[in-house]
Amino acid sequence: MATNMNKVKSTNDLELKDRLVAVNRVTKVTKGGRTFSFSAIVVVGNEDGIVGWGLGKAGEVTAAISKGTEAAKKNLIKVPVLNGTIPHEQLAKFRGAQVYIQPASPGTGVKAGGAMRAVLESVGVTDVLAKSKGSSNPHNLVKATIEALGELRDAYTVAQNRGVSLDKVFNG
């Protein structure tokens, strides 16, 4: 995981919207027959720079989704979003999934597929180009996308960390 991720401490004052990414039916075979259970991966975000993911497992789909939503609310990060896009391009990998996200000009839209789209829309990005390579497993794609977003830094943060002015970040 990235070391400079900005964890969000409190969820009380946030209006979080949840998005269901994937539901998986799991079968356990016992001597009494087959037992079915469900796992659901859920992404929550306030569409203003805060996003998190969670995994819920239960005997029913609705219970798995609610457990996933609660887990996602405990796992939030802050992402810099500038004018509906991200500050710079970023590459990230989680297990077999590799993702590449790149800023786009206004009006482009969210050019991303499946699990990546849910994460990017939840964080509030409206214009971005994204590509996934390797595994298309939604669990790993969500984790890789969150890791890529967590590694993003805006110019103001970079200037503050370096102890220089904002102009020097771009010109120096």
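Reader: Does Asn83 count as buried or exposed, and at what relative accessibility?

Author: Asn83 counts as exposed, because its relative accessibility is 76%; exposed means over 50% relative accessible area, buried under 20%, and partly exposed in between, with a 1.4 Å probe and protein chains only. This is a predicted model, in which local features need pLDDT of at least 70 and side-chain atom pairs count only at pLDDT 80 or more, whereas totals for chains, interfaces and linings use all residues. Residues are numbered from 1 along each chain as its sequence is written, and side-chain values use heavy atoms, with hydrogens and water left out.

Reader: Where is Asn83 found?

Author: Asn83 is in the loop between strand S5 (76–78) and S6. Helices (H or I, at least four residues) and strands (E, at least two) are DSSP runs, numbered from the N terminus. Although Asn83 is not a glycine, its phi is positive, about 55°. Arg95, in the loop between S6 and S7, also has a positive phi, near 50°, and it counts as exposed at 67% relative accessibility.

Reader: In what order do the four strands of the open sheet lie?

Author: Strands of a sheet pair through backbone hydrogen bonds, either parallel or antiparallel. Here the order is S6-S7-S9-S8, with mixed pairing; two strands pair if DSSP finds at least two bridges between them. At the edges, S6 (90–94) and S8 (110–111) each pair on one side only. Seven antiparallel bridges link S7 (residues 97–103) with S9 (residues 128–134), and Tyr100 stands opposite Lys131 in S9.

Reader: Which strands does helix H2 touch?

Author: Helix H2 (residues 114–123) packs on the sheet and touches S7, S8 and S9, its direction making about 145° with that of S9. Contact means heavy atoms within 4.5 Å; axes are lines fitted to C-alpha atoms, for helices over the stretch in contact, and angles run from 0 to 180 degrees between N-to-C directions. Helix H3 (residues 138–150) lies across S6, S7 and S9, at about 140° to S6.

Reader: Which residues touch the most other members of the largest nonpolar core?

Author: In soluble globular proteins, nonpolar side chains tend to be buried together. A nonpolar core is a set of buried Ala, Val, Leu, Ile, Met, Phe, Trp, Tyr and Cys residues joined through side-chain atoms within 4.5 Å. The largest one here has 29 residues, and Val51, Ile101, Val142 and Leu149 touch the most other members. H3 gives the largest share, six residues.
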